[in-house]
Amino acid sequence: MSHTNALSFPPPSPSTGTAPGVSQDRSQDRGVVLQVKGLVTDFNTASGTVHAVRDVSFDLHKRQRMAIVGESGSGKSALAMSLVGLVPQPGRVTGGSVKLNGTEMVGLDDAGISRIRGKDIGLVFQDPMAALDPLKTIGSQFVETIRVHQDVSVKAARKMACDLLGEVGVTDAKRRIADYPHQYSGGMRQRVLIAMAIANDPSVVIADEPTTALDVTTQAQVLDLLAKICDERGNALVMITHNLGIVEELCDSVNVMYAGRFVESTSARALFESPAHPYSKALLNCVIDPATTKRGALPAIPGSPPDLSIDEPGCPFAARCPIGRDEPRCATERPESRALASGAVVRCHFASDIPGDEA
Ligand SMILES: Nc1ncnc2c1ncn2[C@@H]1O[C@H](COP(=O)(O)OP(=O)(O)OP(=O)(O)O)[C@@H](O)[C@H]1O
């Protein structure tokens, strides 16, 4: 198992010492908050073992905004769940290490994980209705979230909740805290989840496609808010998304995931300026909306991803790859991750950061 695909962040830029695409402010404090090494997650199903996450490694630094992109079924949610000990049955983390502020999470029992989840690591998931209890007021859920991890009175927790709701843009929070989730709009529910995710001042916030159900304008507002709040508080942010526009606008670094593996890890700016992996290039070859000149959702790439229950030799992207289709090596030898001169880390025998020098 290789552990060499951890993207060292921020990769120093020769001229400024700052990673491309990283604001000076966010790059100043470089402590690692989340260190993932060789993570493997499998689902044991009746039709075989689905290898959803394979040998994933990365370092996440304080204040870093890291994106994970990839088409449906590439393992993004399985990875997010693995980071917080929430892999659903019949799934299991079967290898590797996840260290949050130096504490190993893999192998912790439920009580140990629960002490960390919601406190040191905050979660914002796709569907706020599933994350919120429809039978309890926002206030009672919020107070519970705070008091599980902080030794404060109900009154103090309620005050904190009101302040946080105000911070995320819930107007008249003192009154609205007594409302039930269904009395909030979709965008407002996501704001509530953001407020809850940061309530215990976590080092890391993980957001798994938090805006899929929202209209485009509300999506942008919610994600801007999430990024801004994490910045202000010094939280690192992992954003899982299908939307390249979000990566370009909000993220410092990006991991492109394919068939359970990171195939390219680089700065967001470098991905858009010079994608190195053929899969990243195919993704970047997307239509730009002429009205906004912004990139949007991931494009459909011809062909299908491989069956994750079959461990074929060779590169999993070979059959869809303009280089790999004709290269015998791509069919027989799995590419290990390797660093290019630019600092990007790729899993491809032929990727190069010199344009035109791929094959
Ligand atoms: N509960 C489960 N049981 C069996 N297999 C699962 C389960 N959850 C996920 N998988 C499998 O794990 C692989 C990765 O799925 P995952 O949901 O992580 O992909 P994803 O990249 O998040 O997709 P999407 O963008 O559609 O959410 C898929 O092959 C999926 O079928």
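This is a predicted model: local features need pLDDT of at least 70, side-chain atom pairs count only at pLDDT 80 or more; totals for chains, interfaces and linings use all residues.
1. The shell around the ligand holds 7 nonpolar residues, 8 polar and 1 charged. Here Ala, Val, Leu, Ile, Met, Phe, Trp, Tyr, Cys and Pro count as nonpolar, Asp, Glu, Lys and Arg as charged, and the others, Gly among them, as polar. In total, 16 residues surround the ligand, and the closest are A52, S72, K76, S77 and A78.

2. Residues are numbered from 1 along each chain as its sequence is written.

3. At least two shell residues come from each of β1 (32-45), β2 (48-61) and α2 (76-83). The largest share, 3 residues, belongs to α2. Helices (H or I, at least four residues) and strands (E, at least two) are DSSP runs, numbered from the N terminus.

4. Most residues other than glycine have a negative phi, and most peptide bonds are trans. The bond between Q89 and P90 is cis, with omega about 0 degrees. P90 sits in the loop between α2 and β4 (91-100).

5. N101, not a glycine, has a positive phi of about 45 degrees. N101 lies in the loop between β4 and β5 (103-104). N101 counts as partly exposed because it has 14 C-beta neighbours inside 10 Å; the cut-offs are 20 or more other C-beta atoms within 10 Å for buried, 12 or fewer for exposed, and partly exposed in between, with C-beta atoms placed from the backbone.

6. D172 also has a positive phi, near 55 degrees. D172 is in the loop between α6 (154-167) and α7 (173-176). With 10 other C-beta atoms within 10 Å, D172 is exposed.

Methods: A residue is near a molecule or strand if its C-beta atom, placed from the backbone, lies within 6 Å of it.
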